Amino acid sequence: MNSFLKNILYFLVPITLAIIAIECFYRFVPNNYSYKNKQIKSYYKSAETLAFGDSHAFYGLNPKYLDTKTFNFSNVSQSIYFDKLLFEKHIDSFPKLKNIILTIAYTTLSEEDDKLDLKWRKYFYKNQMGLEIPLISKYDPKQYSLTLVHQLPKTIKYIRDYIKEGALVTSYPNGFITTNLVEDSTKDLDDFAKRVTKNHEDGLMDFKKNTVRIQDIITQCKAKGITVYLVSFPVNYRYVNLVNSKKVNKMYSTVDSLVKNNANVNYINLFEDKRFEDSDFFDANHLNIKGAEKCTKILNTLIL
């Protein structure tokens with residue numbers, strides 16, 4: 001073997017081994033996607049309530065405080081698009097299911113299917129939650145290799161987090177988040193509210209596509225005798241004051257229409273609920289562990 005080929009080999013072997021190691025890391029180290037996919041199956045025979053949604057439900061609904069056997073199937077930035085795919089994959093496996101909770105956040109009804117913070121998540125939904133994702137082209141190489149999903153600095157961060165914490169899973173067995181600590185819960189609420197509302201404002205007012213998805217879930221639930229609770233979780237008043245009030249009112253009217261047209265639907269609107277104080281929030285639009293307890297106990301009085 002000439003020196004040129006040897007040099008090529010010396011260059012390629014470490015890179016190949018690194019790629020294999022990263023792929024194994026993503027495939028075999030549990031994260032919230034793989035963990036919740038495993039945990040949901042342990043609730044098949046017993047769950048009476050399933051909660052879907054984004055981080056508002058993940059931070060805000062603690063099944064510990066519900067009288068019905070509940071699994072929180074929400075996740076960070078989980079849109080109605082993925083809620084529906086998860087619902088349809090698992091719904092037939094729950095013989096005792098009475099209730100479905102769907103999160104209606106400020107962004108829910110206008111959210112685009114493949115927006116920036118969802119672009120990488122779809123590959124984990126496919127590979128680690130077993131979903132068929134129409135958004136992913138059959139020619140997209142990222143669906144076959146999770147190594148390609150994140151840039152190297154992001155991957156290094158995940159590896160460091162795993163080494164430091166010993167895990168990437170931030171969910172209790174019941175699906176509630178493990179990390180929304182009460183400490184420093186009121187830190188920089190004003191600044192955070194400004195930043196997060198700017199990030200959440202997509203300028204979109206077309207709710208049709210996502211409303212149809214919610215209606216599809218409602219219709220399937222009606223056929224199975226399941227009650228649907230549409231829940232807008234509490235946000236801090238600073239957040240409420242900064243978002244588009246016309247969009248909030250359209251959110252309310254759209255959900256009210258769903259309730260009016262479907263006998264198996266209830267709306268629990270805690271979005272502007274003044275029972276929640278600064279000390280109940282982890283940040284301007286997420287409850288902390290104390291706020292989640294308060295919120296879930298309120299829901300428990302309303303969910304039958």
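A salt bridge is a side-chain nitrogen of Lys or Arg within 4 Å of a carboxyl oxygen of Asp or Glu. With that in hand, I opened my notes on this predicted model.

Entry 1: Lys297 has a relative accessible area of 41% and is partly exposed. Glu293 is partly exposed as well, at 26%.

**Entry 2: the overall chain.** I turned next to the fold as a whole. I counted eleven helices and seven strands in the protein chain. The radius of gyration is 21 Å, close to the 19 Å that the globule rule gives for 304 residues, so the chain is as compact as a globular protein of that length. Along the principal axes, the C-alpha atoms fill a box of roughly 75 × 45 × 35 Å. I noted that 52% of the 304 residues count as buried. Among contacts with a separation of 6 or more, 77% join residues 24 or more positions apart.

**Entry 3: surface and charge.** The chain exposes about 15,300 Å², and carbon and sulfur atoms supply 56% of this area. I recorded 42 positive and 33 negative charges, whose mean positions lie 5 Å apart. Side chains of opposite charge can pair when their charged atoms come close. How many salt bridges does the structure hold? I found 19 of them.

**Entry 4: a pair across the chain.** Are Asp113 and Arg213 buried or exposed? Both are buried.

Entry 5: I looked up Arg275 and found a salt bridge with Asp273, where the closest N and O atoms are 2.6 Å apart. Buried means under 20% relative accessible area. Asp273 therefore counts as buried, at 16% relative accessibility. Arg275, at 46%, counts as partly exposed.

**Entry 6: a network.** Lastly, I noted that Lys84, Glu88 and Asp216 are linked in a network of salt bridges.

Methods
Residues numbered from 1 in each chain as written. Predicted model: local features only at pLDDT ≥ 70, side-chain atom pairs only at ≥ 80, totals over all residues. Heavy atoms only, no water. Helix = DSSP H or I, 4+ residues; strand = E, 2+ residues; numbered from the N terminus. Rg over C-alpha atoms; globule rule 2.2 N^0.38 Å. Buried < 20%, exposed > 50% of the residue type's maximum accessible area, 1.4 Å probe, protein only. Contact = heavy atoms within 4.5 Å. Areas by Shrake-Rupley, 256 points an atom, 1.4 Å probe, with all protein chains shown as cover. Lys, Arg positive; Asp, Glu negative; His and termini not counted. Charge placed at Lys NZ, Arg CZ, Asp CG, Glu CD.
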